[in-house]
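This briefing covers a sheet, a helix pair and a pocket. Please consult the sequence and the structure shown here alongside the text.

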Amino acid sequence: MGAQIAGRPVVVTGGASGIGAALAVEAAARGASAVAVADVDVEAAETVVRAIVDNGSEARAYQCDVTSPESVAEAADAVARNHGAPALACANAGVMASLAPLLESSHADAEWTMRVNVLGTLHTLQSFGRLMATGQEAGWLMATGSEHSVGVPHVGAGAYTASKHAVLALCDVLRGELPPHVGISVVCPGLTASRLWDSTRHRPGQYGGAADSDPAAGMLMEQKGMSAATVAQRAFDGAAAGRFLIPTHYHIRHYAQRRADELAEAFELLSAIDTTDYDLATVVAQFQSESG
């Protein structure tokens with residue numbers, strides 16, 4: 001059994017545009033009792049809320065800076081107070097700095113990317129995961145990773161690629177720690193028509209401040225990317241089916257297979273040298289047995 005949202009609240013971080021806005025709209029369409037649209041840009045979040053409300057569903061905007069654990073915790077408390085514990089919490093907020101070769105990229109851009117994409121996801125999973133884990137109702141967490149989570153190297157976006165690998169790692173650990181009534185999924189989209197290309201418009205001063213982005217990137221994403229609505233539909237379908245990994249673009253398979261082939265070859269070569277089992281579970285069991 002996967003995520004069941006009909007008649008219960010849903011919260012989406014980074015919900016003011018792109019995939020986040022599409023997730024919010026899709027949640028309403030699937031019968032969520034209320035949609036909490038959380039974003040650092042609360043005015044833009046209000047625009048999404050109005051569209052949902054105008055279509056006959058309940059929604060409310062929440063100002064939320066995912067880089068601040070206090071801000072996320074406050075948003076989680078407010079959502080629970082106003083709507084009840086959510087059936088689904090989407091840790092979707094994410095950014096991408098301007099493209100640059102890794103050896104030439106700035107520390108500020110890398111730190112900003114990691115704080116939003118990695119720590120922001122962690123803060124969201126923690127605040128809403130605790131809310132679900134301590135409750136009695138079934139809950140589901142859904143993080144927005146990327147095709148870069150599963151082996152697609154984004155040339156010119158090293159920190160972004162690393163951050164999305166980290167999102168997958170966080171969720172993979174968490175799925176083994178959550179109580180049985182709480183599940184988790186990672187959505188792995190490819191090229192999507194969104195405003196990810198224009199993330200620097202909200203970049204804080206300590207990381208270089210707001211800046212214009214390359215409009216050609218926006219044209220590429222808008223004209224050639226999958227619609228955010230389709231990504232959201234596939235994300236909800238996957239979560240409803242209880243799937244951990246939810247790729248939304250079929251081409252990602254080729255990159256994932258290439259990574260799997262590289263790993264298989266590396267282990268095949270290693271097998272000729274040493275096959276000793278150093279798996280932590282095995283080592284701990286042996287150690288405990290030997291220690292009496």
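A pocket is an open set of points on a 1 Å grid over the protein atoms alone, with protein on both sides within 12 Å along at least five of seven lines. In this predicted model, the second largest pocket has a volume of about 150 Å³.

**Pocket**
- Among the 15 residues lining the second largest pocket, Ala97, Ser98, Ser105, Gly156 and Ala159 are the closest to its centre.
- Helix H4 and helix H5 (158–175) each contribute at least two residues to this lining.
- By class, the lining comprises 8 nonpolar, 6 polar and 1 charged residues.

**Sheet**
- An open sheet is formed by 7 strands in the order S3-S2-S1-S4-S5-S6-S9, with parallel pairing.
- Strand S3 (59–63) and strand S9 (245–247) are the edge strands; each has a single partner strand, so one side of each lacks a neighbour in the sheet.
- On average, neighbouring strands of this sheet are turned by 20° against each other, direction ignored.
- Strand S2 (residues 35–39) runs parallel to S3 and is joined to S3 by 5 bridges; Ala38 has Tyr62 in S3 as its bridge partner.

**Helix H3 and its surroundings**
- H3 lies across strand S1 (10–13), S2 and S3, and runs at about 160° to S3.
- The axes of H3 (residues 69–83) and H4 (residues 107–133) come within 9 Å and cross at roughly 35°, and the crossing is right-handed.
- In this contact, H3 residues including Pro69, Val72 and Val79 meet H4 residues including His123, Phe128 and Leu131.
- The residues of the H3 contact with H4 divide into 9 nonpolar, 3 polar and no charged.

Conventions: Residues are numbered from 1 along each chain as its sequence is written. This is a predicted model: local features need pLDDT of at least 70, side-chain atom pairs count only at pLDDT 80 or more; totals for chains, interfaces and linings use all residues. Side-chain values use heavy atoms; hydrogens and water are left out. Axes are lines fitted to C-alpha atoms, for helices over the stretch in contact, and angles run from 0 to 180 degrees between N-to-C directions. Helices (H or I, at least four residues) and strands (E, at least two) are DSSP runs, numbered from the N terminus. A crossing is left-handed if the near helix is turned anticlockwise from the far one by less than a right angle, and right-handed if clockwise. Contact means heavy atoms within 4.5 Å. Ala, Val, Leu, Ile, Met, Phe, Trp, Tyr, Cys and Pro count as nonpolar, Asp, Glu, Lys and Arg as charged, and the others, Gly among them, as polar. On a 1 Å grid over the protein atoms alone, a cavity is a set of points where a 1.4 Å probe fits but cannot get out, and a pocket is an open set with protein on both sides within 12 Å along at least five of seven lines; lining residues have an atom within 4 Å of a point. Grid points are joined across faces, edges and corners, and a volume is the space filled by probe spheres set on the points. Two strands pair if DSSP finds at least two bridges between them.
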